[in-house]
Amino acid sequence: MLIGISRCQWLLHLLMVCGWHEVFSLLGEGRNIWQQPKPGSITKDQQFLHDTFPPGFLWGSGTSAFQTEGAWDKNGKGASIWDHFTHNSFTGNMTGDTADVASDSYNHWKEDIEALHHLNVGFYSFSLSWPRLFPNGSGQPNAVAVKHYTNLLKKLQEKKIKPVVTLHHWDLPQVLQEQYGGWKNSTLLGLFEEYAAFCFHTFGRDVRYWITMHNPYLMAVQGYETGVHAPGEMGGTAVSLIVAHNLIRAHAKAWHIYNTNFRPTQGGKVSIVLGSHWVEPQRGQPTPAKVDLCQESIEAVLGWFASPIFGDGDYPASLKSKHGSLLPMFTPEEKIWVQKTADFFALSFGPNNLRLGRDLIHYGQTVTPDLRRLLSWIRLEYGDLKVLIAEGGWFSESSVGREDTIAIYLMKSFINQVLQAIRFDGVQVFGYTAWSLVDGYEWNYGYTVRRGLFYVDFSQPNRTRNPKTSAQYYRLIITKNGFPQDESADVAKGHFPCTFHWGIADSTLEVRYFPFSPQFTDPYLYTWNLTGDGSLHPVPGVELSTRQTQCTDYLAINGHLRLLSSIGVSHYRFALNWSLILPQGDHSVVNTEALRYYRCVLKELSRLNVEPVVIIYYPKHQALNMGLPVQLYQSGGWLNESTVEAFQQYAELCYQELGTWVQYWITINEPNRLADIYTKGKHQASHNLLMAHAKAWRLYERKFYSQQRAKVSLALHADWAIPANFFLESHTTAAERFLLFELGRFLDPLIGPEYVNKPVNEARVMDLPESSPLSFTPAERKELKGALDFIALNHFTTRLVSPHPSTKQKTPPDPDYEVLSDPTWPSSRLGQAVVPWGFRRMLSWVTMRYGGTLPIIVTGSGVDDQAPAEDVLRQYYLRSYLKEALKAIHLDGVNLQGFYMWKLQDRHNPQFGLFSSIHHQSKAKASVAVYREFITNRGFSNNDTVQPCRLSAVQELCSVCSWMFRHKAVLVFGGCLLLTLFMMAALIIFVIITKKNGMRGRERRKSRRNRRRRKEGPIVCLCPSVDL
Amino acid sequence: KSDGCFIFIFTSFDPYYIIIISEQLAVIFILFSKHLFLFPGLLLLKSVKPGHTVIQGQTSSLFLCVDRAGHLRGQSHYSEDECTFRELLLADGYTRFLSSHYGFPVSLASRRSTDLHSLPFTRFLPLRNALTSVSASATPPDDLRNIDVDSDDLFGMGLNSMISPHFSAEK
């Protein structure tokens, strides 16, 4: 690949020259990036891309001389400005660290090459130390240093690792600083040219990629303006502008000398590494003014150097107007001489530029780590160039050792952004440099941060290189050449079963007596003074009989449930309010009004042919007293055993009063979340909650099952978990522990067959202070065993699980893990990651552990979406999660029998609701139609034709009823007509008969006719009464 | 806070009041028997912090304030204690405006009763707005929220916590 490129060099060059004038006109085009709003995170080209890099893509890693070499004064090396800077406390060196030894790469360079070999990289990017080669800046080269770099290059060649060599990575010989004032002086142009020519001449035979200098922006600004870097001058903008001007011209000189003297024989490429940050318009609003500021921000950093070199040979207009006469000018000859002096675009994108960008040149906009958008900007601004990511990566705190979990995800994210830029945006990126190979001296951060793929213990004299987990991950990416789809792409086929619950999940149903229809409740008769003052006066002494209040008087019920029927769901899950029904906690006060309201809801549901699933106790964190009656809460809540007894009484009341209409009961919703609230006594709370459920279940079985035949369960919060760092056993264990703690803690005592004799390895996994997480007496165990009719799970997302970092204090009852989120997963506004495959894995895990006998019902699942109507994220969630549910049913044999979408309606602003809030007119969002389609097709519409489900006997009867109900008027009319005709006929016959038989039996005939009239009723009232 | 328009109707048998509040502007109609009074002016409702609003006359620029004795009055200078009201959404769909500092409800009746809850004419019923003007609130793109370039956890991976939308639902 490399050789191929070098052969095409001249042709390429010719093309570039031809296309040059086009490139000019592109300047300023970069702003187009911001003008279009960024598409949502779930659009195809924004999601994590499972694909490989183009064949021949170069993978590498890099270091710089000063950061890693050490041996600052060994073998005739001269001091660099950084040596001077770090040795003097009066300079701006803030950490006090020196790089005298650093990673000691000068002595351990062979281990560096071994590390590269371990990674399986294609190239190594390193820098030559100018003061090591020329201790006096120029003149006689240091033969030992030449030998060192020759050996390094030879060894790399042996290992088939291509070198990418930087001439100047900030370590200017100190003598040049002292003699000339460093890069402020244009004398350095000639000296740099001389140094470059020497390097090209000496090493050029083995080098195809040369970098003249690394990140001149940071050299100019941090070195001469802020003084944070060597030489630590705080000369202000005027000085940094001059320094930059000299750096650009020095680079051009080096390029020209290579182009003229070395390219014909060596055929390599020369470029300069430019660093940049990235910005997005403030608050995501791309107003013209903000777009201009974004453009200016990037021009002030990247454009400063890229515009002369890759653009029109001059500084960006925005820089000229900003700095006026302070900005040095290129002469017309210089412009032509400077432009196109780079054979590819080399980009550095890392913490140094992003942090400085955030501090100095954000122009009020938001600095973001969006490498992909920056690459697009470069393409728009400077044309279709070949791009090398010459420095990519972030940093870890120094305390992070080899287990650098977060670095893995940052690498994943950055490299995937590059892949997206290649595949979707057409940016020609040809290589990626993971920065850096080994931990080293991190400039102004000293040793407080680490950027290496290999860990170096700076207190150890031999500076052993140990691969971090991010090195293992990088190796994996290189081996696979990207992120190919590793999961076998199972196709979701088939349909959901006919009996599948298509549900909506709601929280505690608000009991709303108002608005209330007051008709027929006012017993007075009024006179209306219509022509006079218009007032109403009750007529004294007259009292009308009033009607009993009816379910239809609660206008809220109908308004709420009408939304349900418009989706076409078969099931509706809602919760009762314990503290409302039993305000005192016991039966001393029973709120019969509330019970009546709930009864009305249940009746209305049955009229709508929607099956209710009723949660008896629905705790909520923000709710008053966590939804408990106040007395119970005050006496310790779930830490107090008497609450178990109180719950049993409450459940009995619910069964008694509402059981007729309920086929599915859920005793307690998410006891695993509730128990977590009790930071002290988590186990006690879990224990009591479990016992409360079991007792309520037993009670139902004993007293109500024979008549009501409902199924009773408890619903668990069931997110999926995977190890955050898949290279570490400890993370795998933590993920297992997570699942056992979240689900096993509650399900094992109820339906885990092996719970009593828990295998030893699981006890280890639980890692809890007691021998078992929850201890039960034999009697309790018996009561718990089997007390579950179906497995109810509320699933929302997948989490990364890692063990607690050892630094954090672990409180004993807490499970030993912490949760993280993968930043490459699309996520909602509330931070919920949308991970469809996790849903399937969770279902499979439950099935594996507890068998497929008990049905699983997902009693709550959904995502928040800010969109008031076009809820794209929720539509995606619904489609992708249901697709995984289908796979779970058909491919994994999961006995999944229901899916309840959380939830019906927003309370205020757009969040989880399928319908907007009442304040926003209860409008159906777009996902309602998606859900409705799913229900109609029992799956995806593009599948083969749906086998219609056979209606059950009850439903058939109901369909006849509903037909009759619809044609009520016609039926009545027809009935009456028939009757009348019959009567007429009878009358005629009767008249004829009476005429024949005279006037006998008049009394008898009368009564017979009356009897016939009464028959009118039964004919009309064949259907059940519709009044509630 | 909310971007629709509301019509507040104060329901009672007689007299009753209708307050029409469109987006931020309010017109007060008072229907007393069959006489319709149109109060001169529009009221501006502004949220100062979650749940707390300031009510200001649009033409008079007077703030609606309540003093220590519970008397409502218009006042030209804004005082946080006296001129902010807590908007209380009642379970039945009505709202009450209570003085943030003193707790007196805004009532359209002269105050005779001492019991705050039985004080008449304090409940306002928000009705749906038939006029459409839903402005999409501009917020930063989702992926920019947790970014911290000073942290080694650049994307805020560690900000995840075990939250269930059921258990920790919207307030």
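Which residue of β7(A) is the bridge partner of A:L274? The partner is A:L347. Before going further, note that this is a predicted model, in which local features need pLDDT of at least 70, side-chain atom pairs count only at pLDDT 80 or more, and totals for chains, interfaces and linings use all residues. Residues are numbered from 1 along each chain as its sequence is written, chains are lettered from A and ligands numbered from 1 in the order in which they are written, and side-chain values use heavy atoms, with hydrogens and water left out.

Chain A contains 38 helices and 27 strands; helices (H or I, at least four residues) and strands (E, at least two) are DSSP runs, numbered from the N terminus. Of its 1028 residues, 56% are buried, where buried means under 20% relative accessible area, exposed means over 50%, and partly exposed lies in between (1.4 Å probe, protein chains only). Among contacts in chain A between residues at least 6 apart in sequence, 78% join residues at least 24 apart; contact means heavy atoms within 4.5 Å.

The barrel comes next. Strands of a sheet pair through backbone hydrogen bonds, either parallel or antiparallel. Here eight strands of chain A close into a barrel with parallel pairing, in the order β1-β2-β3-β4-β5-β7-β9-β11; two strands count as paired if DSSP finds at least two bridges between them. On average, and ignoring direction, neighbouring strands of this sheet are turned by 25° against each other.

Five bridges join β7(A) to the parallel strand β9 (residues 386-392) of chain A, where A:I389 is the bridge partner of A:L347.

Strand β7 (residues 345-349) of chain A is largely enclosed by the rest of the structure, because five of its five residues are buried. A:F345, A:L347 and A:F349 point one way from β7(A), while A:A346 and A:S348 point the other way.

Two packed helices are described by the angle between their axes and the distance between the axes. Helices α32 (residues 836-850) and α33 (residues 872-890) of chain A pack at about 30°, with their axes 8 Å apart; axes are lines fitted to C-alpha atoms, for helices over the stretch in contact, and angles run from 0 to 180 degrees between N-to-C directions. The residues in contact include A:W837 and A:F839 of α32(A) and A:Y876 and A:Y881 of α33(A).

A:G893 is found in the loop between α33 and β27 (896-902) of chain A. This glycine is partly exposed, with a relative accessible area of 47%. Not counting residues up to four places away in sequence, A:G893 touches A:T847 and A:A888. The C-alpha atoms of A:G893 and A:F344 are separated by 54 Å.

Finally, an unreviewed UniProt entry places a "transmembrane region" at residues 969-994 of chain A; UniProt positions are given in the numbering used here, feature names are shortened, and annotations may be inferred rather than shown by experiment. In the model, residues 969-994 of chain A are 100% helix and 0% strand, with the end C-alpha atoms 36 Å apart.
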